Amino acid sequence: DYNERSRIYGWLQMAFMIGLLGVMLLPKYLIKGSQGSASSSMSSMAWVVIAITPVLVAITALVVRERPTATSGAHSNSGLREYLKLFKRKIVRRLILVELFFGLASGMASTLLMFFFTRAKGIDRADIGVILITHFVMALIGTPIWSVVAQKIGKHKALALAGVIYFLAQSTMIFVPQGGLIYAAVIAGTTGTVLGAVTMLPRAMLADVADE
């Protein structure tokens, strides 16, 4: 149902954040353990992912079960034409645009992050990891909170609120002083708290289209 989707997508987003943090921390421990180079640690990290992926997929496929649902006798066709008909619905087009705009905002910020902080703000390249980890740790903490907020006030209002917070926090990045690692980490943490909302809520809302 409506609120259940907020909870399920919230758990999905938290699992994603945990995996992302694990991958970000893995090269450091691989280098430390093997006394190898950064390039060799990246190769080792790839093999770790290759090794655990089939195991985790198998666990998911065997453990997770669909609940029984009542089905009607008639089923409509589900070909490409029916899929494209979705885009005739105003709410679907609006949600796709939301995904586009949030994707551009976070994508451009991620792409320019290294250059912005090292060249424009004079932060050491080695300290960028602190900013990133702060961002994703706060995202992990904030995701379940936004799931609850969405259940209390509705997904569309929660998403709008998260978007405003994200906009205001990102806009203050330009005022980070030279070498201001603490300031940058605080702002990155603030944007991280709403990352779960802007990532999970549009997708949970798209599932609500089925109800409509």
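Reader: At what angle do α6 and α7 pack, and how far apart are their axes?

Author: One point before that: this is a predicted model. Now the helices. α6 and α7 pack at about 150 degrees, with their axes 8 Å apart.

Reader: Which direction does α4 take relative to α6?

Author: Start with the numbers again. α4 and α6 pack at an angle of about 25 degrees, and their axes are 12 Å apart. That makes α4 roughly parallel to α6. The crossing of this pair is left-handed.

Reader: And at what angle do the axes of α4 and α7 cross?

Author: At roughly 155 degrees, and they come within 10 Å. Helix α4 covers residues 90-120, and helix α7 covers residues 181-208. The two are therefore roughly antiparallel. α4 passes α7 in a left-handed crossing.

Reader: Let me step back. How many helices and strands does the protein chain have?

Author: It has 7 helices and 0 strands. Of its 212 residues, 28% are buried.

Reader: Next, charges. What should I look for?

Author: Side chains of opposite charge can pair when their charged atoms come close. A search of the whole structure here finds 4 salt bridges.

Reader: Which residue forms a salt bridge with Glu4?

Author: Arg7 does, with the closest N and O atoms 3.5 Å apart. Both residues lie in helix α1, which spans residues 2-34. They sit 3 residues apart, about one turn of the helix.

Reader: Which salt bridge does Arg5 form with a residue of another helix?

Author: Arg5 pairs with Asp208, and their closest N and O atoms are 2.5 Å apart. This pair links distant parts of the chain: Arg5 is in helix α1, Asp208 is in helix α7, and 203 residues separate them. Arg5 is buried at 17% relative accessibility. Asp208 is buried too, at 12%. Arg5 and Asp208 also belong to a network of salt bridges with Lys155.

Reader: What do the side chains of Glu99 and Arg203 form?

Author: They meet in a salt bridge, 3.8 Å from N to O. Glu99 is in helix α4 and Arg203 is in helix α7, 104 residues apart. Remember that α4 and α7 are roughly antiparallel. Glu99 is partly exposed at 27%, and Arg203 is partly exposed at 41%.

Reader: Now the surface. Which residues make the nonpolar patch?

Author: Val48, Ile52, Val55, Leu56, Ile59, Leu62, Val63 and Val64 make it. The patch is about 730 Å². Take Ile52 as one of them: Ile52 is found in helix α2, residues 38-63. Ile52 is partly exposed, with a relative accessible area of 43%.

Reader: Last one. Where does Pro177 lie?

Author: Pro177 is in the loop between α6 and α7. At 33% relative accessibility, Pro177 is partly exposed. Compare sequence with space: Pro177 and Ile123 are 54 residues apart in sequence, but 9.7 Å apart from C-alpha to C-alpha.

How values were computed
Residues numbered from 1 in each chain as written. Predicted model: local features only at pLDDT ≥ 70, side-chain atom pairs only at ≥ 80, totals over all residues. Heavy atoms only, no water. Patch = residues over 30% accessible without salt bridge, like charges linked within 9 Å, V, L, I, M, F, W, Y side chains within 5 Å. Areas by Shrake-Rupley, 256 points an atom, 1.4 Å probe, with all protein chains shown as cover. Helix = DSSP H or I, 4+ residues; strand = E, 2+ residues; numbered from the N terminus. Buried < 20%, exposed > 50% of the residue type's maximum accessible area, 1.4 Å probe, protein only. Axes fitted to C-alpha atoms, helices over the stretch in contact; angles between N-to-C directions. Parallel < 35°, antiparallel > 145°, perpendicular 65-115°, else oblique. Left-handed = near helix turned anticlockwise from the far one by under 90°.
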